[in-house]
Amino acid sequence: MPFPGGLWWLLCCRRGFTLLRRDYGEAEREADGEAEEEEEASFELRAQGDQGSLEVSLSQPTRSSSGSERSLLVAEEMRSLIVEKGPGPVEDEPDALVKGWLQREMRGCMKTPWIRPRKYWFVLTPDSLDYYSSNEKGARRLGSLVLTSLCSVLWPDKQLYKETGYWSVTVFGRKHCYRLYTEHLNEAVRWVCAVQKVIDSKAPVQTPTQLLMRDVEEHRDSPEILEQIYRCNPILRYTSGPLYAPLLPFPYGSLDQSAPGPRSYTTLRDEAVKLFNSLQQLESERDPVPLMQGVLQTCLDLPPLVDEIYCQLVKQTTEPPAPGGQGDLHYWQLLTCMSCTFLPSPPVLRFLRFHLDRTENRFPASEMAKYACFIREALGKTKGRECVPSLEEILVLMQRQEMICTVHCPGAPACSVAISSHTTAEEVAQELVSRLGLSQSPNLFALYEQSRRREQPVGSATLLADVLTRFENLAGEDREQDPPCRLCFKHYGFLDTDNVPRDSLEFALLFEQAHEMVLRGYVPTSEETLQTLAALRLQSLNSDFSTHAPFPRLEELFPPHVLHARLPPLPHRPPAKCRGARLRAGLLAGGLWGQALAKQRAERDQRLRGRLREEGASTMAAIVEKWKLLQGMGRPEAMAAYVALVREWPGFGSTLFDVDLQASPVGAGPQRLWLGIGAKAVSLYKPGEPEPLDSFCYGRISSFGASDSSTFRLSVEDRDLLFETSQVDEIAQLLKTYLASAGAQRLPRPQEPPTSPPSLEPPVLPQGLCPAPGPWQHRPPVGSSHS
């Protein structure tokens, strides 16, 4: 039997009052719980002004202490942080900074639209943020959030306002997070600014570990006092139990999830505790390398944790139960990897060096002492890394050895170079220049990263260990990559290509680089000349024609784009204009017509591939006929003839970049251009055309730089040229290289007085090396042009 309407109304109202009463009761109970938990805050924090005795005598926070003992500890440690407040009336707050009504989120009520957030009377004082049941005299204080320098406040979120109609004010404390809401933006901003001002006025909070680090530094010359400090403070020594709070202070609140990297993190405090658990797993790991790399990656993603990990490693390597055992050595090996990757802050660095000295003195000639010596030397060279060490580098560092890096040289055998975690590309390039006998060459050389998709120079200040880590990451992402990424030693800038001896290694490098330009289509010439170049390439590789000679693929002799240009263009089908035609086309594509169209496309692709094979066969036959005509030509003569044909193009010696010109300087010229950077001028070419559209000597260039990450600006006299390109840094780096080389040639000799102030001259470039990349905004010096 259905209930009468009045009875339904009565039940709904009673249910509603029950909900409100339970909500209010839960709010009071939660407030009481907050007060108790706030008083049970961790005793690890102390105000900077509080000075304790030398014997701090602190231990790890434990969960097994009784309630009375924990209350006693709280009373002693939190006395300077918690302000005692009674349930007095609201008007008796003489030091109130801001007062007002705010709505507080209770048990996720913002996610339930039928339950509105409850309003409370909030009062901000110089020590805390309190809230009351009302603003009447004698109202009960429901909760209090103690404000320290570690608290944080978030600004109102516009997206949340669009979803809920409320502006939020979020305050993070040690135990609690107050999420407050208001309907007015100016009121939310007023509260945020006031809370942030109170937080900024607080003295920095120090943990017992920081206080003990300071005591150790002050008494490092007193062995008896130091031993007493270590004996009375277990927090400085090895522990087998878990760590419930970090050793260093971290701000409360959640992390920014927009941080780089695919991993997601919680708060810094939680991540610090998790990392300590990971460190303890090292003791029993048979293969600790992946775990070590994970810890290093977390420190790279969250730089504030670097000091924390250093302190945790120092703690776990201080008085371990089995000095020199497997678990202890794993800690030292991770500490070695840390010292080659990150540099700690000055206070932690001083504490770490003291720990290394103490270990060497207590355990001389041990494995721990050897690691300590290695770490001390590494700390003097480490300047920061872009990537964490690769798995191979970690294995090498665990043995305190150097890595072997393979550098490929076109026209010469690959070179093996011993590098460390601190070796730069400039040092390796300089060693190769000396080893290959290129010190007297006027041209410039550099290391390049080569892959299947692109090639780019390595900046002189770049650490090769970071490059090898990138190679390892790319190999893991694309396991079918062929060929893999590698390092290559090549010409970087051509200052003089006419006087290179034909029997020298540099000429072989020049020949290989010219062949790469031909294959990439950066040498505009006739197809007949391209076939002759391919025949000369075969003569240089295999000498005279023979049916038994190894035959390379056509793509390694002849530019592939020339063959593709012979194929007929694909038929262009105009898009449907009306909506009905598009709908009919979509319906047909999903049925039998779609299968027929897919079959037609497959047949067309097969015909195109057959046509491409025919064109390739005819081209290869023509190349072989020209190869037969080179009977008796030696390898040096074939290489010289090849380079001579390529040098006929006026742009030979320039580095070409594919760019899109936003505003063409030649009127209705093409937008897709080649930007050629040479030793004497900067030129613009239409792709495939031998003559430049325009050329600017360096005397006409007033400035150049990057407008943004994909736009390069070149100011020529009274006009600005803007180029869209993905190689902004490479273009600016090469321009600066040529300007520096030109300035080095114009510098006065040492015995002559300088003709201009040194600050006006560009930096002198080291022989045979390229400069380090960086943020480019450069103006050429007056008189640096080459006519």
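Author: Axes are lines fitted to C-alpha atoms, for helices over the stretch in contact, and angles run from 0 to 180 degrees between N-to-C directions. Helices (H or I, at least four residues) and strands (E, at least two) are DSSP runs numbered from the N terminus. The model is predicted: local features need pLDDT of at least 70 and side-chain atom pairs count only at pLDDT 80 or more, while totals for chains, interfaces and linings use all residues. Residues are numbered from 1 along each chain as its sequence is written, and side-chain values use heavy atoms, with hydrogens and water left out.

Reader: At what angle do α6 and α11 pack?
Author: Helix α6 (residues 223–232) packs against helix α11 (residues 346–362) at about 105°, and their axes are 14 Å apart. That makes α6 roughly perpendicular to α11, a label for angles of 65 to 115 degrees.

Reader: Which residues of α6 and α11 meet?
Author: Leu 226, Glu 227 and Tyr 230 in α6 meet Phe 351, Phe 354 and Arg 358 in α11. Contact means heavy atoms within 4.5 Å.

Reader: Turning to the sheet, what is the order of its strands?
Author: The open sheet has 7 strands in the order β5-β4-β3-β2-β8-β7-β6, with antiparallel pairing. Two strands pair if DSSP finds at least two bridges between them. At the edges stand β5 (141–146) and β6 (152–154), each with a single partner strand, so one side of each has no neighbour in the sheet.

Reader: How many bridges join β2 and β3?
Author: Strand β2 (residues 98–104) and strand β3 (residues 118–124) pair over 7 bridges in the antiparallel sense. Leu 102 stands opposite Tyr 120 in β3. Helix α4 (residues 185–201) packs on the sheet, and its direction makes about 115° with that of β2.

Reader: Which residues have the most contacts inside the largest nonpolar core?
Author: That core has 58 residues, and those with the most contacts inside it include Leu 296, Tyr 310 and Trp 332. A nonpolar core is a set of buried Ala, Val, Leu, Ile, Met, Phe, Trp, Tyr and Cys residues joined through side-chain atoms within 4.5 Å. Buried means under 20% relative accessible area, exposed over 50%, and partly exposed in between (1.4 Å probe, protein chains only).

Reader: Is Ser 278 buried or exposed?
Author: Ser 278 is buried, with a relative accessible area of 18%. Ser 278 lies in helix α7 (residues 268–282). Its contacts are Leu 291 and Val 295, not counting residues up to four places away in sequence.

Conventions:
Parallel < 35°, antiparallel > 145°, perpendicular 65-115°, else oblique.
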